[in-house]
Amino acid sequence: MAGREAPEASSAAAVAAHPYGERQAVDAARGDAEPGWLVDRRVEGARAFAATAMPTPALRPWRYTDVSSLAIEDHVPHPPALTVRAELPEGAYAGTIADALASRGEVVRSHLGSLVASTEGRFVAANAARWNAGVLVHLPRGSAVERPIVVELSGPEVAEGASAALLPRILVVAEERSEATVVLRLRSGDAPLLVPSVAEVVCGDHAVVRLLLDGGWGARTREFTTLRARLARGATVDVATVAIGGRIVKQTLESLIEGEGAHSDFRGVALGDHDQHFDFVTLQDHLGPRTTSNVEIKAALAGASRSIYYGVTRVEETAAGAAAEQENRNLLLSRRAKADSDPVLEILTSEVIRCGHGAAVGPVDRDALFYLQSRGLDERTALKLLVAGFFEPVARRIPLEGLPEELAATVHAKLEAADLS
């Protein structure tokens, strides 16, 4: 018909025009004066996005989180509010990747995408094509940062009815015998926001990296994070996550424990209400001898909120003398709350020190609740104390001054209006 495009041509044009297409990725990268090698990386991400389908519940890590109706391409990348605060020793760097390209371009080029390839799924590919909140922490050999490096990342302000995306890209490179604590403060407003996030932690011999994800998202934010760490000989990586806000929070946390004597630690707490949905996937892959790991995830769920945990501790044939523990516990605060837990051990060598896992899902201890009420507390106040106490052992093991008290205050505030029916 004259004056109208054929359906095929119209559809192709629509695909080419979405924000994660190859042309859009190149235009954005060149507009930011990015080097050629980084433009090429953006192109790889865009092509992976075009070639990759959305994950389905047929895949085990996505069994309980159905994103088949989510169109990433409808969410336009918006620049965030980003600040980095740090007191650094000479030679260390903490700031944006954009600023680091001039002085530490080779560090970024060598390590960006070295652990998480753009072909690892549609959310990762979208991030590779259009990440717009890039942060680099580079710790040269022997450098120690005494106070936490604080990264504050806030979602953009967008017009009513708009669908925005925030795409953080975090790269931590800790060289031999360096040490730092990095705190990511993640915030957003009331507008709908999609957050496909990628974090890579490269830990050299005997380096120590502590990373806290402080998730204070708004009620309409959907976060999909992939974090992967690689540990060399004697290295330690401690990752902690505090999931309080957000509509959907799905975090995949993985450690490749390659070096002899390396240690990986994942800890997290989630506090849900209404229809909040938390989904944690962990992998501790023991590759080197005498490596150790620990996973501890706790959730307290009110309203019709839900928590899912799927964790794999794998001990390879090369990991003789490994030791690992994995624990997931869920506290149901209402009749409609639900939790699913599936800890898995894959032991490929008989030479292990110990490997254990545990899971629990259940209501509040009625005897403990009665005891507190018998001391003059009303039921809701007693419940606040029990949940704060439930989280406290995890919070105490996260080496950040004031975090246990801050978390207890957040628990009390959220449960004040939570649906406990």
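Which order do the nine strands of the open sheet have?

Modeller: Happy to! This is a predicted model, so local features need pLDDT of at least 70, side-chain atom pairs count only at pLDDT 80 or more, and totals for chains, interfaces and linings use all residues. Residues are numbered from 1 along each chain as its sequence is written, and side-chain values use heavy atoms, with hydrogens and water left out.

The order is β2-β5-β8-β10-β12-β14-β16-β18-β20, and the pairing is mixed. Here strands (E, at least two residues) and helices (H or I, at least four) are DSSP runs numbered from the N terminus, and two strands pair if DSSP finds at least two bridges between them. β2 (81-85) and β20 (352-363) stand at the edges; each has a single partner strand, so one side of each is left without a neighbour in the sheet. From one strand to the next, the twist averages 5°, with axes fitted to C-alpha atoms (for helices over the stretch in contact) and angles running from 0 to 180 degrees between N-to-C directions.

Within the sheet, β12 (residues 236-243) pairs with β14 (residues 263-272) in the parallel sense over eight bridges, and there Val239 stands opposite Phe266 in β14. Helix α8 (residues 403-416) packs on the sheet, where α8 touches β8 (179-187), β10 (208-216), β12 and β14; contact means heavy atoms within 4.5 Å. The direction of α8 makes about 25° with that of β14. Helix α7 (residues 379-396) lies across β14, β16 (292-301) and β18 (322-332), and runs at about 165° to β16.
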